[in-house]
Amino acid sequence: MKRFVLAAAAAALTLAGSACASGSSKQKGVGIAPAGGMYWTGNIRPMEQRTGAATPVSPAAMFEGTVLMMGSREDSTRTTIHIRLSTPTNGGSVSWILSSGRCGNFMNPVLPVTAFDPLDVGSNGSVDETTTIPLQFPTDGSFHVDILAGHTARLTEVIACANLSLKEP
């Protein structure tokens, strides 16, 4: 039964990923599951906002969740990312980026910031979205997902982050 569910999820993901030939595409509430290949996964944790002072500006907001990143089965030049996130606010949206390195390293995103569509926050404060980006699935290195304050391209305004780990079947 578990294999059937994973196969059905992979088939749905394949159809969703092939529907968009370029740019990014978003779907709400469509979870993805690894179907035998490598994948990246990580837990989103809040980051404390800091200034030049020795203490945080304010307590970190409770942004928590998970990230799952897989290669597209139909197009090797695309990567699918599923983000599930709980936020302290209801409605609106939050910005995000995929960057190389580990959380806390303010490195350039792997794509221009405009390639990452904002995530819609539901009325209950949750995000559950799957998006496909024009990036060949990486099989080595280190990556993290930053959740940014508002709609900003300023990488110093990271409010939550997930270090991604590569998993093999």
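In which strand is the place of leucine 119? Leucine 119 has its place in strand β6, where strands (E, at least two residues) and helices (H or I, at least four) are DSSP runs numbered from the N terminus.

## Basis of the model

This is a predicted model, in which local features need pLDDT of at least 70 and side-chain atom pairs count only at pLDDT 80 or more, while totals for chains, interfaces and linings use all residues. Residues are numbered from 1 along each chain as its sequence is written, and side-chain values use heavy atoms, with hydrogens and water left out.

## The chain as a whole

The chain contains 1 helix and 9 strands, and from the N terminus on its elements follow the order α-β-β-β-β-β-β-β-β-β. Of the 169 residues in the chain, 38% are buried; buried means under 20% relative accessible area, exposed means over 50%, and partly exposed lies in between (1.4 Å probe, protein chains only).

Among contacts (heavy atoms within 4.5 Å) between residues at least 6 apart in sequence, 71% join residues at least 24 apart. The accessible surface of the chain comes to about 8,700 Å², and 54% of this surface belongs to carbon and sulfur atoms; such areas come from the Shrake-Rupley method with a 1.4 Å probe, and for residues only the protein chains shown count as cover.

## Surroundings of leucine 119

Leucine 119 is buried, because its relative accessible area is 2%. Apart from its neighbours within four places in sequence, leucine 119 is in contact with Ile83, Gly92, Ser93, Val94, Trp96, Val127 and Glu129. Serine 93 is 26 residues from leucine 119 along the chain, yet the C-alpha atoms of the two are separated by 5.3 Å.

## The largest nonpolar core

A nonpolar core is a set of buried Ala, Val, Leu, Ile, Met, Phe, Trp, Tyr and Cys residues joined through side-chain atoms within 4.5 Å. The largest one has 31 residues, of which Ile83, Trp96, Leu98 and Ile147 touch the most other members. At least two residues of this core come from each of β2 (39–46), β3 (64–71), β4 (79–86), β5 (93–100), β7 (126–133), β8 (143–148) and β9 (158–167), and the largest share, 6 residues, comes from β9.

Leaving aside neighbours within four places in sequence, the contacts of leucine 98 include Met69, Ile81, Pro109, Val110, Phe116, Ile133 and Leu164.

## Aromatic pairs

The structure holds 2 aromatic pairs, for which rings of Phe, Tyr and Trp (its six-membered ring) must have centres within 6.5 Å, with planes under 30 degrees apart counted as stacked, over 60 as edge-to-face and the rest as tilted. One of them joins tryptophan 40 and phenylalanine 143 edge-to-face, at 5.2 Å centre to centre and with 85 degrees between the planes. Tryptophan 40 lies in strand β2 and phenylalanine 143 in strand β8, so this pair ties together parts 103 residues apart in sequence.

Tryptophan 96 and phenylalanine 116 also form an edge-to-face pair, with 4.8 Å centre to centre and 70 degrees between the planes. This pair links tryptophan 96 in strand β5 to phenylalanine 116 in the loop between β5 and β6, 20 residues apart.

## The disulfide

A search of the whole structure finds 1 disulfide, defined as a pair of cysteine sulfur atoms within 2.5 Å. Cysteine 103 is joined to cysteine 161, with an S to S distance of 1.9 Å. Cysteine 103 lies in the loop between β5 and β6 (119–120) and cysteine 161 in strand β9, 58 residues apart.
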